[in-house]
Amino acid sequence: MDQIILMIADDMACNPRNPRPAMVFNNANEQINVYGHDVEVDYRGYEVTVENFIRVMTGRLPPSTPRSKRLLSDDRSNILVYMTGHGGDGFLKFQDAEEISSIELADAFEQMWQKQRYHEVLFIIDTCQAESMYQKLYSPNILGVASSRVGEDSLSHHVDSAIGVYVIDRYTYYALEFLEKVTPESKKTLSQFLKVCPKSACVSTVGVRTDLFQRDPKKVLVTDFFGSVRNVELSPYTVTLNDTGDTGDSAASDRETCSADSCAQKKKIQRKKMSYVDQFPVEQFLKRR
């Protein structure tokens, strides 16, 4: 199952300078509202902290955290991590109040690897001196992409005259232009994606780190990380899932203990109690092969 965890400062949609409240567009043409009704923000405002980001990555969240705010990945998951904002040599700012360092980021990925929380990672960062954020990575199966080299700024693409500010960065603009043409059946590869923003378009130099990645980007489909549909594997085995609710015949019980007038209300009260598990028991299937 595909899963998206969105962390955003959430300060643009309702900013007084925004002429279209509750709307954020990907460029000045205003064709795509990236803050539409189908966009669910998982962490917003003051929830967007370095601590929460690392907790989501490593799975170290309080038990009360809902499933929608957890990264429910395992050792067979391909994960895309996209970060953007203001940064510098070895750091990225969070809310202009704190910053995550390249060393903290590298250690978070290593915790994920040790806890078997990913199979492969595509790490993309769009900020000034972005290359510095993947230089400290040391965990396997990570492909790093940065919008600028150390010592370079990552530049914006164009201004929206209605609000008087730049609305998108150059690298993100050209990356989106490429990805909008990718379909679930597309045969485009990561090697093609890595060339979406040459220096003539980005002005900054896009950096790529492939030494930690085991596969050849020319043979990796873009849909392994973007807009993919996970392959379904059928198993001839049956796995019994634990049921924490009552096992009795609730229908028969209702007939014996309630009248026609009170049955509807009683069924609501005596509804079987069910519970969720953090992960589907994939390991049980694999062990029985």
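1. Aromatic pairs. A search of the whole structure finds six aromatic pairs, a pair being two rings of Phe, Tyr or Trp (its six-membered ring) with centres within 6.5 Å; planes under 30 degrees apart count as stacked, over 60 as edge-to-face and the rest as tilted. One of them joins Phe53 and Phe94, which are tilted at 55° with 6.0 Å from centre to centre. Because Phe53 belongs to helix H1 (residues 50-58) and Phe94 to strand S5 (residues 91-94), this pair ties together parts that are 41 residues apart in sequence. Helices (H or I, at least four residues) and strands (E, at least two) are DSSP runs, numbered from the N terminus.

2. Basis of the note. This is a predicted model, in which local features need pLDDT of at least 70 and side-chain atom pairs count only at pLDDT 80 or more, while totals for chains, interfaces and linings use all residues. Residues are numbered from 1 along each chain as its sequence is written, and side-chain values use heavy atoms, with hydrogens and water left out.

3. Phe53 is buried at a relative accessible area of 9%, and Phe94 is buried at 7%. The terms are set as follows: buried is under 20% relative accessible area, exposed is over 50%, and partly exposed lies in between (1.4 Å probe, protein chains only). The rings of Tyr173 and Tyr174 form an edge-to-face pair, with centres 5.2 Å apart and planes at 85°. Tyr173 is partly exposed, with a relative accessible area of 22%.

4. Other ring contacts. Phe178, Phe193 and Phe226 make up one aromatic cluster. The charged end of Lys69 sits over the ring of Tyr43, 4.6 Å from its centre; this requires NZ of Lys or CZ of Arg within 6 Å of the ring centre and within 35 degrees of the ring normal.

5. The buried residues of H1 are Val50, Phe53, Val56, Met57 and Thr58, and they pack against S1, S2, S3, S5, S6 and H2. Contact means heavy atoms within 4.5 Å. Just after H1, Gly59 has a positive phi of about 80°. An open sheet of three strands runs in the order S4-S5-S6 with antiparallel pairing, where strands pair if DSSP finds at least two bridges between them. Strand S4 (87-88) and S6 are its edge strands, each pairing on one side only. H1 packs on this sheet, touching S5 and S6, and its direction makes about 40° with that of S6. Axes are lines fitted to C-alpha atoms, for helices over the stretch in contact, and angles run from 0 to 180 degrees between N-to-C directions.

6. The S5-S6 hairpin. S5 and strand S6 (residues 98-101) pair in the antiparallel sense over four bridges. The bridge partner of Phe94 in S6 is Glu98. Three residues lie between the strands of this hairpin, and Gln95 takes a positive phi near 60°.

7. Helix H2. H2 (residues 102-114) has 13 residues and reaches 18 Å from its first C-alpha to its last, close to the 18 Å expected at 1.5 Å a residue; the expected span is 1.5 Å times one less than the number of residues. Its buried residues, among them Leu105, Phe109 and Met112, pack against H1, S3, S6, strand S7 (120-126) and S8. Gln116, which follows H2, has a positive phi near 55°.

8. The four-stranded sheet. A further open sheet has the order S3-S7-S8-S11, with mixed pairing. Strand S3 (78-84) and strand S11 (207-209) stand at its edges with a single partner strand each, so one side of each is left without a neighbour in the sheet. The twist averages 10° from one strand to the next. Strand S8 (residues 142-146) pairs with S11 in the antiparallel sense over three bridges, and Gly144 has Arg209 as its bridge partner in S11.

9. Strand S9 (residues 156-160) and strand S10 (residues 165-169) run antiparallel, joined by four bridges. His158 has Ile168 as its bridge partner in S10. In this hairpin, with four residues between the strands, Gly164 takes a positive phi near 75°. Which residue lies 146 residues from Gly164 along the chain, with the C-alpha atoms separated by 9.7 Å? That residue is Asn18, in the loop between strand S1 (7-8) and strand S2 (43-44). Asn18 is buried, with a relative accessible area of 17%. Not counting residues up to four places away in sequence, Asn18 touches Met12, Ala13, Met23 and Ile163.
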